[in-house]
Number of protein chains: 2
Amino acid sequence: MADQHAATVRRFNRTYTQRIGALDDSFLGTGRPLGPSRLLFEIGLSDDDGATVRELRERLGLDSGYLSRLLRSLEADGLVDVRPDPTDRRRRRVRLTGRGRTARRRLDERSEDLARSLVAPLSERQRERLTEALATADLLVRAATVQLQEVSPTDPRSVAAMAAYFAEIGERFGFEPGDAWLEDAEAMTGPDGFFVVATSDGEAVACGGVHRLPDGAAEIKRMWVHGDWRGAGLGARLLRHLEDVVRDRGYDVVRLDTNDTLLEAIAMYERAGYHAIERYNDNPWARRWFEKTL
Amino acid sequence: MADQHAATVRRFNRTYTQRIGALDDSFLGTGRPLGPSRLLFEIGLSDDDGATVRELRERLGLDSGYLSRLLRSLEADGLVDVRPDPTDRRRRRVRLTGRGRTARRRLDERSEDLARSLVAPLSERQRERLTEALATADLLVRAATVQLQEVSPTDPRSVAAMAAYFAEIGERFGFEPGDAWLEDAEAMTGPDGFFVVATSDGEAVACGGVHRLPDGAAEIKRMWVHGDWRGAGLGARLLRHLEDVVRDRGYDVVRLDTNDTLLEAIAMYERAGYHAIERYNDNPWARRWFEKTL
DNA sequence: GCCATTGTCTGACCTTAGTCAGACGATCAC
DNA sequence: GTGATCGTCTGACTAAGGTCAGACAATGGC
């Protein structure tokens, strides 16, 4: 079974590398070599403020020296504009110039043409099947390659994730975190607590934290999955990961609370072996309480 | 609609290049750079006779000088054995040595591990969804990138395709081509006839020919699609292509015959606008006759 | 037997991609 | 204010990937 999955992935890899990869390289190479083209493409994805060099480095996974050189070549061609970030003058912000946007648009068109020419020989029904299959594969490959990492709850990624979390429950239940946020953050560090963020392309797509309850049990809090990512099994994976770390830290009981309208979350907790218990805290927003013995 | 297909393809491309492509490169690079590794891999796909240099060049799409150099480096490492082909001493046949097979196997294992590690974070159900999606995408991408080209009916690819065709109808209907094969081949060249082969990875996966009937109509013959490729729309595409060329050559009527057990073929002809007519030839194997006005 | 063609190889050459060590200014913690 | 750290850049270097023109032997067509 496992072998069959691997075999399919490998077969697909071969097909992809030969048929699309080759085309892809040629499409990006409109006069410019691949490196600069990819960079141009990536810069164009940023908002009006542009991107910092560091962001680009992470998104593209490039060496700092190499990236710097690539930027210089784009700058020499008048395609980008690099200037210090006013809030931190060590950082530099990169933005497309007018010419850069034009070049980027041309690249975009070439890429679009390429994609169209790939599906052109197919019938409409086949095209739909292919599109559906690729969309599924895309979602799952992204989900499979999400990075789970323990970071400080005050790390920008954590803050972004928790802000999204609070915005969401604020909208749904009128919940307002107030100052509790900061106190909690502190509890989720040190020897007893921790915080985990799942990132994809450097963006936080899920998070969850653990702190110690007065009676010595661990409590999972702030568990959140980005709306676009629900249904990809990310929640279950994150939960599993949190439990693994909790176990390593010597806990043997985990508790958590949730609202009774979050049916999918409740179902997931139950599938993961949690059972309902009595109210163990005074969280006004919570309606259901769960516990699991590790 | 069309834009949605292209957008999905592009989105997938981006995901693929970032997540799998990068890993893929690293996996193949076991000490050896990518080029030699891919070559090693490709040589290992051939049968015991090995592959000719030309075959490898086509399958990998490499420059002849470059390939020659790559071969030399593998040869220097004692991984392959290159010697003249006894039937045509201009050609050279490449075969893996014992060490080559070992190296190739190691590569294979790494690739397998990589594929497994990609799907590892997913649940079994997700793995199945991914596998299914990739298999579908694989088939359709292959189908979309099949090359249709007009070649002589005596070209090795044509001969291979027709041999497969005759073997198949021989098995199903006890049909024996006898000498008719050669005469027909001649009719499918020159100004009045032609022969088209569809190839994928250099292998013939479908074929079809056209010759002129005594009354001036065109007749499609030897239309065949490889068993593994049925259901991918290749037959319809080939038929459309043949019709296009037929029209260019100034014909305005096309006819063809088939056996009544080939239900799928018949359905395809009907979908393509062919209508049944009376027997117009003395082909003992035929039970149905069709015509289409272009 | 001759000439054109085919199949492969060699040498010379070029671009792209990427690494590494260190320089240098800006910022942060105290 | 100072030392540590951060963020970016520069210079020097290397390997990989690839192109092109021609050499040369084997083969096929006539």
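1. Which residue forms a salt bridge with Arg255(B)? The partner is Glu291(B), and the closest N and O atoms are 2.9 Å apart. Note that this is a predicted model. The pair links distant parts of the chain: Glu291(B) sits in strand S10 (residues 288-293) of chain B and Arg255(B) in strand S8, 36 residues apart. Glu291(B) is buried, at 17% relative accessible area. Arg255(B) is also buried, at 11%.

2. Next, a network across chain labels. Arg10(A), Arg104(B), Asp108(B), Glu112(B), Asp113(B) and Arg116(B) are joined into one network by salt bridges that share partners. Over all chains, the salt bridge count is 44.

3. Arg249(B) pairs with Glu150(B), with 2.9 Å between the closest N and O atoms. This pair, too, links distant parts of the chain. Arg249(B) is in the loop between helix H9 (234-248) and strand S8 (253-258), while Glu150(B) is in strand S4 (residues 147-150). The separation is 99 residues. Arg249(B) is partly exposed, at 31% relative accessible area. Glu150(B) is partly exposed as well, at 47%.

4. The salt bridge between Arg90(B) and Asp88(B) has its closest N and O atoms 3.0 Å apart. Here the Arg90(B) side is exposed, with a relative accessible area of 71%. Asp88(B) is buried, at 16%.

5. Check the backbone at Arg222. Most residues other than glycine have a negative phi. Arg222(A) is not a glycine, yet its phi is positive, about 55 degrees. Arg222(B) has a positive phi near 55 degrees. Arg222(A) lies in strand S7 (residues 218-225) of chain A, and Arg222(B) lies in strand S7 (residues 218-225) of chain B. Arg222(A) counts as buried because its relative accessibility is 8%, under the 20% cut-off. Arg222(B) is buried at 9%.

6. Glu55(A) belongs to helix H3 (residues 53-60). Its relative accessible area is 34%, so Glu55(A) is partly exposed.

7. Cysteines: the disulfide count over all chains is 0. Cys207(A) is buried, at 0% relative accessibility. Cys207(B) is likewise buried, at 0%.

8. Overall view of chain A. The chain has 10 helices and 10 strands. Of its 294 residues, 47% are buried. Its C-alpha atoms fill a box of roughly 65 × 50 × 35 Å along the principal axes.

Key
Residues are numbered from 1 along each chain as its sequence is written. Chains are lettered from A and ligands numbered from 1 in the order in which they are written. This is a predicted model: local features need pLDDT of at least 70, side-chain atom pairs count only at pLDDT 80 or more; totals for chains, interfaces and linings use all residues. Side-chain values use heavy atoms; hydrogens and water are left out. Helices (H or I, at least four residues) and strands (E, at least two) are DSSP runs, numbered from the N terminus. Buried means under 20% relative accessible area, exposed over 50%, partly exposed in between (1.4 Å probe, protein chains only). A disulfide is a pair of cysteine sulfur atoms within 2.5 Å. A salt bridge is a side-chain nitrogen of Lys or Arg within 4 Å of a carboxyl oxygen of Asp or Glu.
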